[in-house]
Amino acid sequence: LSYEFKKIITSPYAIIAYIFIASVVVFSPMVDNFFVGDDFTWFRWISEDSSIAHYFTQADGFFYRPGTKVYFLLMHKLFWLNQTAYHVVSLLLHFTVAALLFLLAKRVVKDSLFSALASFLFLVLSGYSEAVFWISSTGFLFTSVFALSSLLFFILWEEKREDVYFIFSLSFFILSLLFHELGV
């Protein structure tokens, strides 16, 4: 192989494309699965007459996840009970987490091969397939996307000391807290 071709097929963009392809291949059989378990609990919560402001001010005796409640409200209004739409969003979020994990690992270990292996391992581990299979775990996915984004922007801020990176880091951190308490 020529040096240029090898550089192209091992570039971060190419690796992220491979992660996307692997995500689709591994998880696309799940997108037609119907809702299970706690998925119905979320539908019950959003069917109750509450304002979006109520999501941010009241935990209703359970847990405080206003971002997740707003997500389910919007998805329900747009797609009602079309499980495929919910699973596709979960699949895309899981891919995004794996891609962000690759970028973070690449910054830490400074090796594309090990970073890609870590990302692919994360992508296919059976424990994380629940995040695509159960739409009720979408909050975990959003929290992971926002927390990893916050960390990457914080690293950029540490390196470049440009305020915009710190603002993005702080914004993503706050968003992660709105979707799941594990954002802390």
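1. A word on terms before we start: helices and strands here are DSSP runs, with a helix needing at least four residues and a strand at least two, and they are numbered from the N terminus. Counted that way, the protein chain has 10 helices and zero strands, so its pattern along the sequence reads α-α-α-α-α-α-α-α-α-α. Please keep in mind that this is a predicted model.

2. Now for the overall picture. The C-alpha trace of the protein chain spans about 60 × 40 × 25 Å along its principal axes. Of its 184 residues, 39% count as buried. Among contacts with a separation of 6 or more, 68% join residues 24 or more positions apart.

3. Helix α6 has 27 residues and reaches 38 Å from its first C-alpha to its last, close to the 39 Å expected at 1.5 Å a residue. Lys-110 follows α6, and its phi is positive, near 55 degrees.

4. The buried residues of α5 are Pro-66, Gly-67, Thr-68, Lys-69, Val-70, Tyr-71, Phe-72, Leu-73 and Met-75. They pack against five helices: α3 (39–47), α4 (52–57), α6 (83–109), α9 (138–160) and α10 (163–179).

5. Leaving aside neighbours within four places in sequence, Phe-72 is in contact with Trp-42, Ile-46, Tyr-86, Ile-135, Ser-136 and Thr-138.

6. On to the aromatic rings, where the count comes to 25 aromatic pairs. One of them is Trp-42 with Phe-72, a stacked pair at 5.0 Å centre to centre with 10 degrees between the planes. Because Trp-42 lies in helix α3 and Phe-72 in helix α5, the pair ties together parts that are 30 residues apart in sequence. Both residues, Trp-42 and Phe-72, are buried.

7. Are the rings of Phe-43 and Tyr-86 stacked or edge-to-face? Their centres are 5.5 Å apart and their planes stand at 85 degrees, so the pair is edge-to-face. Phe-43 lies in helix α3 and Tyr-86 in helix α6, so this pair ties together parts that are 43 residues apart in sequence. Phe-43 and Tyr-86 are both buried.

8. Two charged side chains also meet rings. The charged end of Lys-69 sits over the ring of Trp-45, 5.6 Å from its centre. Arg-65 lies over the face of Phe-63, at 3.7 Å from the ring centre.

9. Next, have a look at Thr-143, found in helix α9. Is Thr-143 buried or exposed? With a relative accessible area of 5%, Thr-143 is buried, because buried means under 20%. Its side chain reaches the backbone oxygen of Gly-139 at 2.9 Å. Not counting residues up to four places away in sequence, Thr-143 touches Ser-176, Phe-179, His-180, Leu-182 and Gly-183.

10. Two loop residues call for a check of the backbone. Trp-80, in the loop between α5 and α6, has a phi near 50 degrees, a positive value in a residue other than glycine. Trp-80 is exposed, with a relative accessible area of 55%. Arg-161, in the loop between α9 and α10, has a positive phi of about 55 degrees although it is not a glycine.

11. Finally, a note on Ala-118, found in helix α7. Ala-118 is partly exposed, with a relative accessible area of 34%. Ala-118 and Val-26 are 92 residues apart in sequence and 16 Å apart in space, C-alpha to C-alpha.

Note on methods: Residues numbered from 1 in each chain as written. Predicted model: local features only at pLDDT ≥ 70, side-chain atom pairs only at ≥ 80, totals over all residues. Heavy atoms only, no water. Buried < 20%, exposed > 50% of the residue type's maximum accessible area, 1.4 Å probe, protein only. Contact = heavy atoms within 4.5 Å. Polar contact = N/O pair within 3.5 Å; in protein donor to acceptor, adjacent residues only side chain to side chain. Phe/Tyr/Trp six-rings, centres within 6.5 Å; stacked < 30°, edge-to-face > 60°. Lys NZ or Arg CZ within 6 Å of the ring centre and 35° of its normal. Expected span 1.5 Å × (residues − 1).
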